[in-house]
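Please read them with the structure open.

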Amino acid sequence: MAKVDIKIWVNGEEFGLAVEPHETLLDVLRNRLFLTGTKKGCGKGECGACTVNIDGKSILSCLTLAVKADGKEILTIEGLQNGNNLHPLQEAFIEQGAIQCGFCTPGMIMAAKAILNHHLNPSEAVVRTGLSGNLCRCTGYESIVRAILKANKLRGVD
Amino acid sequence: MDGFFRPNRYYRPKNIREATQLLSTFGERARIIAGGTDLLVEEPSEIDSIIDLENLNLSFIRKNKEGIDIGATTTINLIDSSPVFSMSPYHVLKEAAQEMATPAIRNMGTIGGNICNASPAADLSVALMVLDTNLKISGFNGTRILPIGDFFKDVNKTSLIDDELLVALHIPLYSGSDVASFLKLKHHQTSIDIAIVNVAVRLSFSEKICEEARIALGAVAKTPIHIKKAETILGGMEINAALIENAAYLAAQESSPIDDVRASASYRKKMVAVLVKRALENCMKGRDEWLKST
């Protein structure tokens, strides 16, 4: 199998890697870079647990070949925190109790990050539509939506 | 991925010539990747090479005096957010884009991929069919233009031959008085749900007369289909409620759905009539609003 050299920026850090053509970005993040915050749920693009941001947009890392991430800037849940300060989304999720088992949380927060990237003051409808690809099997949606709306208020210039 | 999807080689050609050359060399052992949202779900085991269209500069939406050109790797979210598709009747494509999948998948999936995967239920396909879209297909030996209605051959089968790839789509110019509507029936469980039935309709008018009607249905045959009988009875007529009922009835007659996990064939047929009727009524509403505004 012919490995492919790629260069990616993950949470601001540059990585040069030789990946196999079938390797997904999700597997590279988890198994090579040990960034296990991003979760593998269904592996088929149905649950949203593997959501990360590429160039500020939400994408599914389970359906993204690592070779296709070459040259891109990737933000995962591990990159949200600024030094010792949690991101407003993380603060708001804790404050609103928007976490139950926690498995969907990294994907939820990264989908939320993309919503806040693209909307200055998102309405509840915009938040719900933006989360429509992320499943929470504990069904804690109400508090998650509340947390994102709260984070929008908490954030200064992002 | 733990399946047997183990392509050995990955190529990122720099131009269309290089891409078609690769396709002609590897034939059926190669697969094109754009967004990857279908390929990585399917995980075809027989694939030896992946050809990535990323560097071909095929992500564009251009409006000019002949119509709209869309690059094959334009993502579904770019179509949704483009002002070009806010106008009638082109908004039918935006309506279809908004009904598709989830925000993250729409950031990845492309218009060309949605068509070339040739799902009988593809949302963009029916919208593109009623807009009489032409496809620009490039092969190693040249380029051809094909009406989208002739593109689909069977479930997941298109008329592309081994060394060909879809490069761009061309939607002809319409007047602001042309109206269109897209409707999708799905289980409202998750937003990734595939259509039980989807319908797109376009009506073009000259004064009070409907000069041309287009009705396309998805998920009720092996490919997305035009409902020619219904289109014919509407063309050249002044549209009224009885004619709409008749067209909806003919559409249901002409559809040939199957029973599957999403719905039964008989339910689908009934829903075809309901959706065609509603889509035609939406068009007439749009037409009335346009008349009032001029």
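1. Which residue in the turn of the hairpin formed by β13(B) and β14(B) has a positive phi? That residue is A219(B), with a phi of about 70°. Six residues lie between the two strands of this hairpin. Please keep in mind throughout that the model is predicted.

2. β13(B) and β14(B), the latter covering residues 225–226, are antiparallel and share two bridges. Across the pair, L217(B) stands opposite I225(B) of β14(B).

3. β13(B) also has a partner in β12(B), residues 197–206. These strands run antiparallel and are joined by nine bridges. R202(B) faces R214(B) of β13(B) in this pairing. Here, too, the strands form a hairpin, with two residues between them, and E207(B) takes a positive phi near 55°.

4. Is β13(B) largely enclosed or largely open? The strand spans residues 209–218, and seven of its 10 residues are buried, so the rest of the structure largely encloses it. Buried here means a relative accessible area under 20%.

5. Chain B also has an open sheet of five strands, in the order β4-β5-β10-β6-β7, with antiparallel pairing. The edge positions belong to β4 (61–64) and β7 (142–147); each has a single partner strand, so one side of each lacks a neighbour in the sheet. From one strand to the next, the twist averages 20°.

6. Within that order, β5(B) (residues 67–71) and β10(B) (residues 165–172) are antiparallel and joined by five bridges. G71(B) stands opposite A168(B) of β10(B).

7. Helix α1(B), residues 16–26, lies across β6 (134–139) and β10 of chain B. The helix runs at about 125° to β10(B). Its buried residues are A19(B), T20(B), L22(B), L23(B) and F26(B). Why do the buried residues of α1(B) line one face of the helix? Seen down the helix axis, they fall within an arc of 155°, so they line one face. As background, an α-helix has 3.6 residues a turn, so residues three or four places apart point the same way.

8. What does that buried set of α1(B) pack against? Its contacts are with β1 (9–11), β2 (30–33), β3 (49–52), β6 and β10 of chain B. Two of these, β6 and β10, are the strands that the helix lies across.

9. Both ends of α1(B) deserve a look. Just after the helix, G27(B) has a positive phi of about 55°.

10. S81(B) belongs to helix α3(B), residues 76–81. Its relative accessibility is 52%, so S81(B) counts as exposed, the cut-off being over 50%. S81(B) and L169(B) are 88 residues apart in sequence, and their C-alpha atoms are 18 Å apart in space.

11. Turning to the interface, 29 residues of chain A are in contact with 29 residues of chain B. About 2400 Å² is buried between the two chains, and carbon and sulfur atoms give 61% of that area. On the chain A side, H22(A), L63(A) and K68(A) supply 27% of the area that chain A buries against chain B, more than any other three residues.

Conventions. Residues are numbered from 1 along each chain as its sequence is written. Chains are lettered from A and ligands numbered from 1 in the order in which they are written. This is a predicted model: local features need pLDDT of at least 70, side-chain atom pairs count only at pLDDT 80 or more; totals for chains, interfaces and linings use all residues. Side-chain values use heavy atoms; hydrogens and water are left out. Buried means under 20% relative accessible area, exposed over 50%, partly exposed in between (1.4 Å probe, protein chains only). Helices (H or I, at least four residues) and strands (E, at least two) are DSSP runs, numbered from the N terminus. Two strands pair if DSSP finds at least two bridges between them. Axes are lines fitted to C-alpha atoms, for helices over the stretch in contact, and angles run from 0 to 180 degrees between N-to-C directions. Contact means heavy atoms within 4.5 Å. The arc is that of the directions from the helix axis to the C-beta atoms. Buried area is the accessible area (1.4 Å probe) that two parts lose on being put together, summed over both.
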